[in-house]
Amino acid sequence: MNKPKIELHKIEKNKNGIAILKDINLKFFSGKKHILIGPSGAGKTTLLRLLNRMEEPTFGVILYDGENIKDIPVLELRRRVGMVFQIPIIFDGTVKDNLTVPYRLRVISHPVKQDELTKNLELSGLQSDFLERKASELSVGEKQRLTVARALINKPDVLLLDEPTSALDHAAGIKLLDSIKELNEVLGLTIIMVTHQLEYASLLGGRVIHLVNGTIVREQESEDFFLNSEII
Amino acid sequence: MEGLNFNIIDISYLDLIISLGLIIVVAGISRWQGMYLEGDLIVGAVRTLIQLLAVGYILKYIFAFDRWYLVIFIILIMIIVASLTVTQRQKKRTIELPFIVGFAMTAGSGITVFVVTQILLQIKPWYDPHYLIPLAGMVIGNSMNGSTLAIDRIDSEIKSRKMEIEAYLALGATARQAAGASIRAAMKAAMIPTINSMMVVGIVALPGMMTGQILSGTSPLIAVKYQIIIMYMIALSVAISSYVLTNIRFNRYFTSDHRLKEESL
Ligand SMILES: Nc1ncnc2c1ncn2[C@@H]1O[C@H](COP(=O)(O)OP(=O)(O)O)[C@@H](O)[C@H]1O
Ligand SMILES: [Mg+2]
C-alpha cells in the first residue's frame with residue numbers, strides 16, 4: 001500500500017448536540033479509489049465535507065500529505081481536493097463559461113487554455129463541441145459530467161464525489177462511473193466517492209468503507225467486501 | 001429669488017384643524033366600507049400634525065441659531081433614526097446591525113451631500129441649514145428604503161443560493177466571490193425603485209420637495225433644477241450605501257475561513 005493522502009485521527013462531529021461522527025480513524029491513499037457506503041443518515045456526506053473544510057470537525061485532526069489541513073490555506077486545499085455534489089450545480093452561461101470559473105476565481109488570473117478545457121471535457125465524457133452549448137440545456141447526466149470537468153480545471157489531487165449518480169438514471173450513472181474510473185487510471189486522481197448503492201460501489205472498485213450511525217463498521221478491498229457481504 | 005410677485009398664503013392653525021375634516025371624510029368612507037381603519041387613521045392624522053409641527057419649530061430654531069454643530073447633530077439624529085428604522089423592519093436583528101446600517105448610510109449620504117453642497121453648489125456658510133438639512137433628509141430617507149431592500153434581498157439570496165455558493169467555495173472561491181451574485185442582486189433590488197422614479201419623475205408624480213418649493217414661491221425652473229440634482233444625489237447615495245451595507249452584511253453567513261455557516265441560514 002502506498003502512502004496515505006488524507007488521514008483522519010479521532011474525528012468526532014456533533015451537530016446541535018447530536019453525535020454525527022464518532023471516533024473516526026481512517027486513511028485515504030494516494031491514487032486509490034475509495035467508496036464510502038452506508039445507509040442514509042450514516043454521516044457519509046458530513047465526513048466528505050470535512051475533507052475540504054466545508055465543515056469543521058468538533059474534535060480530531062485531519063492530515064493532508066501529513067500536514068494538518070488547518071495549516072493549509074483553505075482556498076489552496078479546496079483546489080487540491082475537488083468536490084462534486086449530489087445534485088449537479090451549474091452556473092449561468094455556456095459550458096465554456098462554467099469551465100472557466102475556476103480560472104476567474106484566482107487572484108492572478110491564469111490565461112484560459114482551450115486545449116485544457118477540451119481535454120477535461122473529454123476526460124469527463126463530454127465531446128469538445130459542447131463548449132459553446134448553454135449549460136442549462138444539458139441533460140442531468142451531462143450536467144454532472146460538466147461539474148466533474150469543472151472541478152478538474154483546478155488540477156486536484158483528490159476528487160470527492162457525494163452520491164454523484166443519485167440524480168441520474170441508471171445508464172447515465174454507469175457512464176459517469178466509467179469516467180470516474182478513467183480519471184483515476186489516467187490522471188492518478190485519488191477518488192473518494194459516497195454512495196448508498198451497492199451496484200455502483202462494486203462497479204467502481206477500490207477500498208470500501210462501511211459507515212453506520214457515524215461509526216466505521218467495516219473497511220475492506222472491494223473484492224473482499226462484496227464476497228462476504230450479506231446485507232448492508 | 002425669482003417669483004417675488006407671488007404671495008404665499010399663510011396657513012393658520014384654524015385652517016389646519018379644518019383640514020382634518022378631509023381625514024374625517026376618509027374615516028367615514030372607512031366605516032361605511034367596513035375597513036375598520038378609523039382608529040389608525042385618526043392616530044396617523046394627529047401624529048402627522050404633531051410631528052410635522054414639531055419639526056417645523058425645531059427647524060425654525062436651528063435656522064435662527066445657525067451653528068454648524070447643531071446642523072451636524074440634527075443630521076446625525078436623522079441617520080440614527082433611519083438606522084433604527086431599518087433595523088426594526090428586520091426579522092433577524094443583531095446588535096451590530098444598526099451600526100452597520102448607520103455606517104453605510106453615513107458613507108452614502110455623507111459623500112453625496114458633501115460633493116453637492118461643497119463642490120457643486122459651494123454653499124456659504126458650508127453648513128447653511130437651509131441646504132444641508134433638506135438635502136440630507138431627502139438622501140437619508142431614500143437610503144433608508146434602499147438599505148431595507150438590500151438587507152432583505154441579500155439574506156434571501158444567500159439562503160436560496162446556498163448550493164451555488166458551496167459549489168463556488170468548493171472550487172476555491174473566497175466567501176466574497178461566492179456571495180458575489182447575491183450581493184449584486186441585493187444592490188440591484190436597492191437601486192431599482194430609484195431608477196424607476198427617475199424614469200417617471202415629473203410625468204407620473206411631482207416630487208414633494210419640488211411641489212413645496214413651488215408653493216412657497218420659488219420659480220418652477222429653479223425648483224426643477226434642484227429636483228434634478230436631488231434625484232442624482234439619491235441615486236448615488238443609495239448605490240454607495242447599499243454597496244457598503246451588502247459587502248459587510250454577507251460576512252455574517254461565512255466564517256473567516258470561507259465556510260458557509262449552516263446555523264446562520
Ligand atoms: N444541522 C443538523 N443538525 C442535526 N443533525 C443533522 C444536521 N445536519 C445533518 N444532521 C444529521 O446528521 C446525520 C448524518 O447526515 P449526513 O452526513 O447527511 O448522512 P448521509 O450522507 O450518510 O445520508 C443525519 O442523521 C442527519 O439527520
Ligand atoms: Mg448524504
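In what order do the strands of the open sheet of 4 strands in chain A stand? The order is E2-E1-E4-E5, with antiparallel pairing. Good morning, colleagues; I shall begin with that sheet.

First, a word on conventions. This is a predicted model, in which local features need pLDDT of at least 70 and side-chain atom pairs count only at pLDDT 80 or more, while totals for chains, interfaces and linings use all residues. Residues are numbered from 1 along each chain as its sequence is written, chains are lettered from A and ligands numbered from 1 in the order in which they are written, and side-chain values use heavy atoms, with hydrogens and water left out.

Helices (H or I, at least four residues) and strands (E, at least two) are DSSP runs numbered from the N terminus, and two strands pair if DSSP finds at least two bridges between them. In general, strands of a sheet pair through backbone hydrogen bonds, either parallel or antiparallel.

E1(A) and E2(A) are joined in the antiparallel sense by 8 bridges, and Asn14(A) has Ala19(A) in E2(A) as its bridge partner. The hairpin of these two strands has 2 residues between them, and Asn16(A) takes a positive phi near 50° there. On to E4: strand E1 (residues 4–15) and strand E4 (residues 59–64) of chain A run antiparallel and share 5 bridges. Here His9(A) stands opposite Val61(A), and Ile6(A) is partnered by Tyr64(A).

Which helix packs on this sheet? Helix H1 (residues 44–51) of chain A does, touching E1, E2 and E4 of chain A; contact means heavy atoms within 4.5 Å. The direction of H1 makes about 55° with that of E2(A), where axes are lines fitted to C-alpha atoms, for helices over the stretch in contact, and angles run from 0 to 180 degrees between N-to-C directions.

Chain A also has an open sheet of 6 strands, in the order E6-E7-E8-E3-E9-E10, with mixed pairing. Its edge strands are E6 (81–84) and E10 (215–221) of chain A, and the twist averages 15° from one strand to the next. Strand E9 (residues 207–212) of chain A pairs with E10(A) in the antiparallel sense over 6 bridges, and His210(A) stands opposite Arg218(A).

I turn now to the interface. The contact takes 16 residues from chain B and 22 residues from chain A. How much area is buried between the two chains? The value is about 1800 Å², with 63% given by carbon and sulfur atoms; buried area is the accessible area (1.4 Å probe) that two parts lose on being put together, summed over both. Ala170(B), Leu171(B) and Arg259(B) supply 35% of what chain B buries against chain A, more than any other three residues.

There are 3 salt bridges between chain B and chain A, a salt bridge being a side-chain nitrogen of Lys or Arg within 4 Å of a carboxyl oxygen of Asp or Glu. One of them pairs Arg259(B) with Glu56(A), with the closest N and O atoms 3.8 Å apart. Another links Asp257(B) and Arg53(A), at 2.6 Å between the closest N and O atoms. Asp257(B) lies in the segment after helix H10 (220–249) of chain B and Arg53(A) in the loop between H1 and E4 of chain A, so this pair joins two chains. Thank you.
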